[in-house]
Amino acid sequence: MRRFPVVLRFPVVLAALVLAALAAAPGAATAGEPPHAYHRLDRVGAALAKDPLFVDPDVAQALGASDRARLRAAIAGTARRLGTPAYVVVIPNPSQSESQGRDDAFLFMLHDRTRRDGLYVMADAHGDLESEAFNVPRRGRSPLDDLDEEDEPGAATPADSEHPFAGLADRIARRLDGYAAAPSASPTLPRLYSSPDPFGQENTLRPDEPEITAPLLTGLLLAGPAAAAVLYGLGLGILALRRGGPRPSPDRPKAGRHARARTRPSMRWLRRNGAKDLERLRRLLATADTRRGRAYAVSAYDAAQILYDDAKDDESKAIDLVGAIVLARQGCVALARDIEAPPSPCLVNPLHGRSVVRKRVRKLEEDHGGALPRQCPLCANCRDLDKRQALDERRLLQIPGPGGHRPHTLVPGVWRETAWGAHGKTFLPRVMRYLGVD
């Protein structure tokens, strides 16, 4: 068994001691939440202790009696194959909830409250699926495997957003089977990379430069020097480990696809997927060993984060959320393929992902030719639709706004002016100027 160098082992132990001291320092604990703050989570947890399938009364129509019986059988079969419990929760998750509408956060909070490991699959009132595996002996997905969730067994979104529960039982069953059929691996705990605001503080404004209070100052004075020593030691240890370890494989993973991206996304969908794509790029920047693609990925991450933070829930800035998603995904492509400038996205729907061909789309030229270049970048799906003469205005990305959805080609601004990068390598610099970043 390979042992870490002494220079690495000592800082790790010291880091644990320092972190424990910080946790026990005055003011480290947060104020207690009211007793009712997580009542819904406790109610669901208590129900799951009796029945691994929970369907909230508010969405009782999502699954009929036969669907429920079939899913209970699928849950039992999955649990036997995994060797760990499996749970399915069908419940609305509005933005006013304890998880602020984030299905992934809901599952993490539910696991924290119940303290029961296993596979958790959730469907919300929109028919969207989310799943997390806590200490399940199956191999999880690497951030480099795909750039979207849509390729997972059991599609993350319904085929028809107007009928969110159509085929829901089948999608859940496929998601369960996908985990059960995955290669075996050591059980691990997933990580929630960003947490909702504390209960009751969802709309609290945070100053850019908060006042340093006495407990924090005391903690810095006591733990600061030790923490600096720990970080310095860790840096030396990591360098020693990297120098002595095996060289990374030269093989580059293939970039993922976004074939099932929505045509009429909601603000909630854009916020949720923007956060996921930003986090995926952040993880890749921390782990990917690339040279040519890093500069673009870093700039794309900076721009996407600014766009995401500035847009918030403002419908007038919905297209900036799309821009944040596009830039984050392009940054991932730059790292995955180690290229200096990733291809421009599909111009019919930039959420489709990277383009594979440029073609003239005559059916879109009459009303949208001013926003589309004569040779329009298309993804593989849109290229195939164009071959069948089926690529028309109905396929254009519709941006939500105060007056309803409208084609992205009709929304003025930097995205229309640059045609989402179709005009050349000035796309990212132009976006940075739009954000006021040199």
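Guide: Serine 131 is buried, because its relative accessibility is 6%, where buried means under 20% relative accessible area, exposed over 50% and partly exposed in between (1.4 Å probe, protein chains only). The model is predicted: local features need pLDDT of at least 70, side-chain atom pairs count only at pLDDT 80 or more, and totals for chains, interfaces and linings use all residues. Residues are numbered from 1 along each chain as its sequence is written, and side-chain values use heavy atoms, with hydrogens and water left out.

Serine 131 belongs to strand E4; helices (H or I, at least four residues) and strands (E, at least two) are DSSP runs, numbered from the N terminus. Its side chain makes polar contacts with the side chains of arginine 175, at 2.8 Å, and tyrosine 179, at 2.9 Å. A polar contact is a pair of N or O atoms within 3.5 Å; within protein, one must be able to donate a hydrogen and the other to accept it, and residues adjacent in sequence count only if both atoms are side-chain atoms. Leaving aside residues up to four places away in sequence, serine 131 touches Leu107, Tyr120, Val121, Arg175 and Tyr179, contact meaning heavy atoms within 4.5 Å.

The sheet is open and mixed, with four strands in the order E1-E2-E3-E4; two strands pair if DSSP finds at least two bridges between them. Strands E1 (53-55) and E4 (129-134) are the edges, each pairing on one side only. Strand E3 (residues 118-123) runs antiparallel to E4, joined to that strand by six bridges, and methionine 122 stands opposite glutamate 130 in E4.

A salt bridge, defined as a side-chain nitrogen of Lys or Arg within 4 Å of a carboxyl oxygen of Asp or Glu, connects aspartate 124 with arginine 272, the closest N and O atoms being 3.9 Å apart. This pair links distant parts of the chain, 148 residues apart: aspartate 124 lies in the loop between E3 and E4, and arginine 272 in helix H7 (residues 267-287). Aspartate 124 counts as buried at 0% relative accessibility, and arginine 272 is buried at 12%. Both residues belong to a network of salt bridges that also includes Asp103, Asp128 and Arg268. The whole structure has 23 salt bridges.
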